[in-house]
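Here's a walk through one protein model, from its surface to its ring pairs. Keep the viewer open while you read.

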Amino acid sequence: MRWLTLYARSRRVPASLAAVVISAVAVWALSRGGDEGPGDPRLPVLVLAAGVMAASTGLGGQDLALDRTAAIRWVPRRAAHVLLAGAVVGTVLLTVQTMGESLATTAFVVRDSAGLMGLAALGAALLGGRHAWTLPFAWLAFSFFAPPATSAPMRVATWMLLPPGTAAGTWTALALTVAGTAAYAVAGPRR
């Protein structure tokens, strides 16, 4: 077997990919005929967050001691894993959207999938691979129930629901992507 196949299997990539696709198709099917308009960001954010939470289970390997003692450079592999997982989650939503009505714009999907995956990577570095999903879930829950974003701190806190091109949303997602990817790439998942 090649190292990429072994790496994907040890990180539960096939199961995570299946969960990402199933969640995207399920939410898309449930949203058909709903009364939410195409401008409602909650459904696409829910799809992206579910995908990121499914992908975050692969941010920790089967044996952390083995990962730390391996004779290969983990930093570029970890960074590539985070960025590729975010790209796959966004691509799945954009692909599902081609089957019917559009839930979100491409800019919205790219921004939110990158920011949420960075948040999951930060969760893996701080809490471990098994609990990496908690940060995206907690931030999503807060964003859904937060009051309307009228101040700058509230726009930062609800960045994933803001329209694409909003400075607070874009910069927050970028900061989370860079910080999460860098922390996970350098430190790896917490034990």
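## A greasy patch and its helices

Helix α2 gives the most to the nonpolar patch, with 3 residues. The patch itself sits on the surface and is formed by Leu17, Val21, Val25, Leu84, Val88 and Met99, with about 480 Å² of accessible area together. Two elements, α2 and α5 (74-97), each give two or more residues to the nonpolar patch. As for the rule, patches take residues with over 30% relative accessible area and no salt bridge; like charges are joined within 9 Å, and nonpolar side chains (Val, Leu, Ile, Met, Phe, Trp, Tyr) within 5 Å. Accessible areas come from Shrake-Rupley with a 1.4 Å probe, and for residues only the protein chains shown count as cover.

Before going further, a word on provenance: this is a predicted model, where local features need pLDDT of at least 70 and side-chain atom pairs count only at pLDDT 80 or more, while totals for chains, interfaces and linings use all residues. Residues are numbered from 1 along each chain as its sequence is written, and side-chain values use heavy atoms, with hydrogens and water left out.

## The overall picture

Of the 191 residues, 44% count as buried; the cut-offs are under 20% relative accessible area for buried, over 50% for exposed, and partly exposed in between (1.4 Å probe, protein chains only). The protein exposes about 9800 Å², with carbon and sulfur atoms supplying 71% of it. If you take contacts between residues at least 6 apart in sequence, 73% join residues at least 24 apart, where contact means heavy atoms within 4.5 Å.

## Along helix α2

Back to α2, then. Val21, one of the patch residues, is located in this helix and counts as partly exposed because its relative accessibility is 36%. Ser23 is in α2 too, which covers residues 13-31. Is Ser23 buried or exposed? At 18% relative accessibility, Ser23 counts as buried. The Ser23 side chain reaches the backbone oxygen of Val20 at 3.0 Å. That is a polar contact, meaning a pair of N or O atoms within 3.5 Å; within protein, one must be able to donate a hydrogen and the other to accept it, and residues adjacent in sequence count only if both atoms are side-chain atoms. Leaving aside residues up to four places away in sequence, Ser23 touches Ala50 and Gly51.

Val13 is also found in α2 and is partly exposed at 34% relative accessibility. Its C-alpha atom is separated by 8.8 Å from that of Thr57, 44 residues apart along the chain.

## Ring pairs

A pair of aromatic rings is described by the distance of the centres and the angle of the planes. This structure holds 2 aromatic pairs, shown here:

| Pair | Centre to centre | Between planes | Type |
|---|---|---|---|
| Trp133 and Phe137 | 6.0 Å | 65° | edge-to-face |
| Trp139 and Trp159 | 6.3 Å | 85° | edge-to-face |

Rings of Phe, Tyr and Trp (its six-membered ring) pair if their centres lie within 6.5 Å; planes under 30 degrees apart are stacked, over 60 edge-to-face, and the rest tilted. Trp159 is buried at 0% relative accessible area, whereas Trp139 is partly exposed at 24%. In the other pair, Trp133 is partly exposed at 34%, and Phe137 is partly exposed at 43%.

## A salt bridge and a glycine

The structure holds 1 salt bridge (a side-chain nitrogen of Lys or Arg within 4 Å of a carboxyl oxygen of Asp or Glu). Asp112 and Arg111 are the partners, at 2.9 Å, N to O. Asp112 is buried at 0% relative accessibility, and Arg111 is buried at 8%.

Gly128 lies in the loop between α6 (106-127) and α7 and is buried at 4% relative accessibility. The C-alpha atoms of Gly128 and Pro189 are separated by 4.8 Å, though 61 residues apart along the chain. Not counting residues up to four places away in sequence, Gly128 touches Gly123 and Arg190.

Technical notes: Helices (H or I, at least four residues) and strands (E, at least two) are DSSP runs, numbered from the N terminus.
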